[in-house]
Amino acid sequence: MRFPLSLTRKSASFLIAAAVLSGVLSLPSPARAGMLQPGDFVAICGDSITAQRIYSVYMEEYLILCQPAPDLQAQQFGWGGESAPSYLDRMENDVIVFHPNIVTLCYGMNDGRYTPVNPGTLDTYRNAMTSIVEGLKKAGVRNIVVGTPGAVDTNSFKKLDPVVYNNTLKELGNVARDVAEKQGVGFADVHSVMIEAMAKAKAKYGDKYNVAGNDGIHPNRNGHLIMAYAFLKALGCDGDIGTITLDMKDGKAEATAGHKVLAAGKGFVEVESSRYPFCFSGDPAQQESNLGMAEFIPFNNDLNRFNLVVKNPTGKSVKVTWGQSTKTFSAEQAASGINLAAEFPENPFSKPFAEAEARIREKQTLEGVLSKDLLHSTPLWVQSFPDEKETFQKLAAKIVDRAAARRKQSSQLAVLVKYKIVVESL
């Protein structure tokens, strides 16, 4: 969808909202079947937005804690100021050497050069992305997800009319889609989802609720949730965290894999879980929170279904207490399934989830040091001290081994969580 250059920011927001309502903007394309397999290692690659270590942290904690497949690992390879051609130049020595099974790519924000659409710019991006995918395939990477660039904020982006640059990013996204289709790899339409969510969020919280950050480019926790959503969907995550079923007539309960019933009665069930729902936090009206953005993308519906099914309640409604929170639902809702993850943002998983997130963020910070500061410089050390080539080769191998050890530690962060759910008929 193209906008006239003369449109004001307010007019642009109106047209974006209209596009959402008319269905012009779409959600990510369906993922390829069997994308994630047990034991996979996912490399999350991108520019300075990836290097912020927010959506990459969300992705890693989802892969590890929510467990769309067993024993998953992840590592971030964000690099500030990077474009697709510059990633192509370094990916063999800085990424492929770690031997990932799956690679996600998020480039285009810098490739657009913060100018209106230019055919030469699109061709450069197309050629680089094609070469990247071909190079990753040649190196043995089993699955690849080509992501579009995100969007710039319609309020805070000042380099250029945001409508103009979002059109540039949209066209780059079309190129990314074309490359993914021709190469037969996965595709994540980050741009369209962010445009759509931004219109909805600003309609509720006002134009100054920045979705792409205060500089209009680098999102805060709210915008990064959108990016994580798009990539996790493209990775084929089905979103079935688990189901707990309580029969209030006979007091029996059962749970799906990853959850174990410890005790049950006609009005309660005690559970021990090794599989987590994704947990949100913060003031929903603030861009530093990811909780508010969950309202504007189908994250809970598509990726975060942790259901409580209540059979045979004696009244027309039930009161559910989980952790420190209590909510009331109709008997029909309870019978069809209450998504605990969506209805109880603050829950018994929140604390261990936050602790794991802090550990993952610490790990991803170290990964930047290992890959960017240390490994990337080893060829220069070899060039300067050729007689010590073997020494530096051993150092490079140690760096790769250290990253693998940290990934393994991170993959074991899901501690068992015990809790009680109380259900009362009303």
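**Helix crossing and sheet in a predicted model**

Modeller: In this predicted model, helix α3 passes helix α8 in a right-handed crossing.

Colleague: Which residues make the contact there?

Modeller: From α3, the contact involves Tyr 55, Tyr 58, Met 59, Tyr 62 and Leu 63. On the α8 side, Arg 221, His 224, Leu 225, Met 227, Ala 228, Phe 231 and Leu 232 take part.

Colleague: And how many of those are nonpolar, polar or charged?

Modeller: By class, the contact of α3 with α8 has 10 nonpolar residues, one polar and one charged.

Colleague: At what angle do the axes of the two helices cross?

Modeller: The axes of α3 (residues 55–66) and α8 (residues 221–234) cross at roughly 50 degrees and come within 8 Å. The two helices are therefore oblique to each other.

Colleague: Changing topic to the sheet: what is the order of the strands?

Modeller: The order is β8-β9-β14-β11-β12, five strands in an open sheet with antiparallel pairing.

Colleague: Which strands stand at the edges?

Modeller: Those are β8 (259–265) and β12 (325–330). Each has a single partner strand, so one side of each is left without a neighbour in the sheet.

Colleague: By how many degrees are neighbouring strands turned against each other?

Modeller: On average, neighbouring strands of this sheet are turned by 20 degrees, direction ignored.

Colleague: How many bridges join β11 to β14?

Modeller: Five bridges join β11 (residues 317–322) to β14 (residues 417–425), and the two strands run antiparallel.

Colleague: What stands opposite Thr 321 in β14?

Modeller: Val 422 is the residue opposite Thr 321.

Terms used. Residues numbered from 1 in each chain as written. Predicted model: local features only at pLDDT ≥ 70, side-chain atom pairs only at ≥ 80, totals over all residues. Heavy atoms only, no water. Pairing = 2+ DSSP bridges. Helix = DSSP H or I, 4+ residues; strand = E, 2+ residues; numbered from the N terminus. Axes fitted to C-alpha atoms, helices over the stretch in contact; angles between N-to-C directions. Parallel < 35°, antiparallel > 145°, perpendicular 65-115°, else oblique. Left-handed = near helix turned anticlockwise from the far one by under 90°. Contact = heavy atoms within 4.5 Å. Nonpolar A, V, L, I, M, F, W, Y, C, P; charged D, E, K, R; others polar.
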